[in-house]
Amino acid sequence: MRTIRAGVEAIDGLEILGDPDSTLLAMRATSAEFDLFSVADEMRTRGWYTQPQFAHQSSPVNLHLTITASNRGNEREFLGDLAASVVAARSSGPVVVPAELAAYLASVDPDTLTLGEIKALAAGASISVTTDTGEPGPMAGINALLAEAPTALRERLLLGFLSSLYGR
């Protein structure tokens, strides 16, 4: 864990949150030049899973890493891929939810939102839930949209997006 922590802290634009005693590390972006949702997508294309977390109360958007004995020996590869993912995310820039869409999200009643409306919202935001192969596509756009939504709406949208992903 110390190797991963030191490596994350050496990557420009990332920092570890808190002083973890266990096998869970959380990192945040220290720069507005990129977003962690894009970093998570980039890591996934490289074969790694990092868990995006939405901002909540005093906690900023962050990525969780669970480090176990099975990770041992892959630290350099992971950190190299993480650094490359930050570079790629910085190059593409942060995902931005258009102001009119953010205003719309603030006005939506989650209790009346249908699955069809959720799919239309995703399509209107140019969010592709799945790839041509039916696999989950990049999640940065969806996560940015969810991050803009009030908590109750976020929960409803998340259920709708997952239903779209898995055909239910």
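This is a short talk on how one protein chain folds, from its overall pattern down to single residues.

Two ground rules before we start. This is a predicted model, where local features need pLDDT of at least 70, side-chain atom pairs count only at pLDDT 80 or more, and totals for chains, interfaces and linings use all residues. Residues are numbered from 1 along each chain as its sequence is written, and side-chain values use heavy atoms, with hydrogens and water left out.

Start with the overall plan. The protein has seven helices and four strands. Helices here are DSSP runs of H or I with at least four residues, strands are runs of E with at least two, and both are numbered from the N terminus. Along the sequence, the pattern reads α-β-β-α-β-β-α-α-α-α-α.

Now the totals. Of the 168 residues, 38% are buried. Buried means under 20% relative accessible area, exposed means over 50%, and partly exposed lies in between, with a 1.4 Å probe and protein chains only. The protein exposes about 9400 Å², and carbon and sulfur atoms supply 52% of that. Those areas come from the Shrake-Rupley method with a 1.4 Å probe; for residues, only the protein chains shown count as cover.

What about contacts along the chain? Take those between residues at least 6 apart in sequence: 63% of them join residues at least 24 apart. Contact means heavy atoms within 4.5 Å.

In what order do its four strands stand? The order is 1-2-4-3, in an open sheet with antiparallel pairing. Strand 1 and strand 3 are at the edges with a single partner strand each, so one side of each has no neighbour in the sheet. On average, neighbouring strands are turned by 30° against each other, direction ignored. For such angles, axes are lines fitted to C-alpha atoms, for helices over the stretch in contact; angles between N-to-C directions run from 0 to 180 degrees.

Let's walk across the sheet. Two strands pair if DSSP finds at least two bridges between them. Strand 1 joins strand 2 through three bridges, running antiparallel. There, Leu14 stands opposite Ala29, and Ile16 stands opposite Met27. Strand 2 then pairs with strand 4 over four bridges, again antiparallel.

On to helix 1, residues 2–10. Which of its residues are buried? They are Ile4, Gly7 and Val8. Seen down the helix axis, these buried residues fall within an arc of 100°, so they line one face of helix 1. The arc is taken from the directions from the helix axis to the C-beta atoms. The face turned away carries the exposed residues Arg2 and Ala10. The buried residues pack against strand 1, strand 2, strand 4 and helix 3.

Look at Val8 in particular. Setting aside neighbours within four places in sequence, Val8 contacts Leu14, Ile16, Met27, Leu65, Leu79 and Leu82.

That takes us to the cores. A nonpolar core is a set of buried Ala, Val, Leu, Ile, Met, Phe, Trp, Tyr and Cys residues joined through side-chain atoms within 4.5 Å. The largest has 22 residues, and Val8, Leu14, Val39 and Leu82 have the most contacts inside it. Helix 1, strand 1, strand 2, helix 2, strand 4 and helix 3 each supply at least two of its residues. Helix 3 gives the largest share, five residues. Apart from this core lies another, of 19 residues, with Phe37, Leu101, Val108 and Ala140 among them.

Ser38 is found in helix 2, which spans residues 36–45. Is Ser38 buried or exposed? Ser38 counts as buried because its relative accessibility is 9%. Beyond its neighbours within four places in sequence, Ser38 is in contact with Ala89, Gly93, Val95 and Ala140.

Ala40 is in helix 2 as well. At 8% relative accessibility, Ala40 counts as buried. Not counting residues up to four places away in sequence, Ala40 touches Thr50, Pro52 and Leu63. Ala40 and Asn62 are 22 residues apart in sequence, with 10.0 Å between their C-alpha atoms.
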